[in-house]
Amino acid sequence: MARMKFLCDSKRCIECNGCVTACKNENEVEWGVQRRRVVTINDGEADETSISVACMHCSDAPCMAVCPTDCFYQTEDGIVLHNKDLCIGCGYCLYACPFGAPQFPSSAAFGERGKMDKCTFCAGGPEEDHSAEEKAKYGANRIAEGKLPMCAELCSTKALLAGDASEVSDIFRERVIYRGHNDGAWAVEDELAYDASQQKA
Amino acid sequence: MLRIKWPLGLALLFTLLWSVASHATTQPPSEARIAGFAGAEYWKVVRQGGEGSTQAQHDEAGQLINSQGDYWRYWRNEWVTPAGAIALGGTLGLLALFYLIVGQNKLDKPRTGRKIERWTRFDRANHWTVAILFIILGISGLSILYAKFFLKDLLGDELWSSYIMLCKLAHNYLGPLFVLGLLVMIVRWMKYNFFNKTDLIWFLKGGGVVGKAHPSAGYMNGGEKLWFWMLTIVGIAVCVSGLILDFPNFGQFRETMQWSNLVHAAASLLLLAGSLGHIYIGSVGTEGALEGMKTGYVDEAWAKQHHDLWYEEVMEKQREKAEP
């Protein structure tokens, strides 16, 4: 069975925020909530690097582990989804998430945050596939149509890859090798195991 | 005045230090430039919570990795949750055992029928308000921590979502009321609860809980004073952490909320365990105790047995009033 993952190739990301816009538009995400974001380190410097991050659909999801209502579930593909009907808006998933993926529409007194919203890998939610309720609550269900998430599909440089983990890693590995220099991936000089100075076999 | 000042001062200092400490460790590495060109050092800084710029406007959006969340998950799920269950289950078990073996602390001498006022109307109103709030907050809080393990499958999605949402609403809206009630109680009763030599002897004699010993005690005995201070110190921790959690609209960092949650859960579980003992002693554990807090009056025989020094004081006052 495929295990769905995201991979953002920070060497290709140009901070266009196309992924952010694609996601927001495709899923008609509510006001004030942004499921995906692009973070740029050393903005304006020579070694500026951008990376696009949303829910990473962890195999051992911390959000699932701390939820008091047990509203999270994982599909066969490894996509982590949640049930907004059970969500009480306590915020624990946001505290636990390493990537800050869970978003809440409001920040009010007495912990009234509203229902948690996050990247669904464009796989909708527990409601029936392609129903109006699913669209309203969770956004698009592209996975059920055999398509991949909109963010990756619309990435202008194909920095953001999404899909089966082994296929995604294969693509990325090809790129690193093709680049043929020591900082082709996320390392420099000695940290990269692959020795680019040697002739290709 | 000084006697009231120092414990409050201590509590204030503790709160101040704790909020400063949590804020101090909250900032991610504040390097103007993150070193290295996407090398190990670079990603190490990111991993430790280094921030970049972003178009996203929500809190802490510039931070790529929040690794403290994993520690919070670990401490909450692997330590607080099991320890709480053991503390509560263990206390219940011990109390049940105690009741079966030792039984109720009965009145040694028959009731004389003469009553003495022990708790004023305001005392009782304050106590029962705080007590009832405590029970509701306790049940809702315990539900948030444990209910998913056994109630979710039992109730089914519809009922479960209504129940747990009710728990959250009750907990978040009644919490601040509990803070007020508890503060009133602490301020009003603090003067009765400072420890002295009588209490030391009371503790050394086991509080007369088992056997025929009748150690002396004033208005409050050593055990009651201990419960008061537990409620004050641990209770203030619960209240402060609870208020931080209940009002996230002040832009708290995730790390602040994680710490507050751990303190809140651990302290509350401690209080719950203690409250089981308090409830036991105040109801089935001691004959003649509950009516004191219910009606405000206790029988003379009960007063002589459990609070002989207080009884003497009351009698002295009555004698003074009788002789003009």
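Two strands count as paired if DSSP finds at least two bridges between them. The model discussed here is predicted.

## Overall make-up of chain B

Chain B contains 11 helices and 3 strands. Along the sequence these elements follow one another as α-α-β-α-β-α-α-α-α-α-α-β-α-α.

Chain B has 324 residues, of which 30% count as buried. Among the contacts in chain B with a separation of 6 or more, 67% are between residues 24 or more positions apart.

## A sheet across two chains

An open sheet is formed by 3 strands in the order E3(A)-E2(A)-E1(B), with antiparallel pairing. Strand E3 (49-53) of chain A and strand E1 (53-54) of chain B are the edges; each has a single partner strand, so one side of each lacks a neighbour in the sheet.

The pairing of E2(A) with E3(A) is antiparallel and has 5 bridges. Within this pairing, A:Val39 has A:Ile51 of E3(A) as its bridge partner. On the chain B side, strand E2 (residues 37-41) of chain A is joined to E1(B) by 2 bridges, and these strands also run antiparallel. Here A:Thr40 is bridged to B:Ser53 in E1(B).

## The contact between the chains

How many residues of chain B are in contact with chain A? There are 49 of them, in contact with 43 residues of chain A. The elements of chain B that give two or more residues to this side are helix H2 (40-47), E1, helix H3 (68-101), helix H5 (151-189), helix H7 (222-246) and helix H8 (254-282). H5(B) gives the most, with 9 residues. E1, which belongs to this list, is also the chain B strand in the sheet with E2(A) and E3(A).

By class, the side of chain B that touches chain A is made up of 20 nonpolar, 18 polar and 11 charged residues.

## Positive phi in two loops of chain A

A:Asp70 is not a glycine, yet its phi is positive, near 55 degrees. This residue lies in the loop between helix H2 (62-66) and strand E4 (72-74) of chain A. With 19 other C-beta atoms within 10 Å, A:Asp70 is partly exposed; a residue counts as buried if the number is 20 or more.

A:Lys158 also has a positive phi, about 55 degrees, without being a glycine. Its place is the loop between helix H5 (150-153) and strand E6 (160-164) of chain A. Is A:Lys158 buried or exposed? A:Lys158 has 12 other C-beta atoms within 10 Å and is therefore exposed, since 12 or fewer is the cut-off for that class.

Terms used
Residues are numbered from 1 along each chain as its sequence is written. Chains are lettered from A and ligands numbered from 1 in the order in which they are written. This is a predicted model: local features need pLDDT of at least 70, side-chain atom pairs count only at pLDDT 80 or more; totals for chains, interfaces and linings use all residues. Helices (H or I, at least four residues) and strands (E, at least two) are DSSP runs, numbered from the N terminus. Two residues are in contact if their C-beta atoms, placed from the backbone, lie within 7 Å. Ala, Val, Leu, Ile, Met, Phe, Trp, Tyr, Cys and Pro count as nonpolar, Asp, Glu, Lys and Arg as charged, and the others, Gly among them, as polar.
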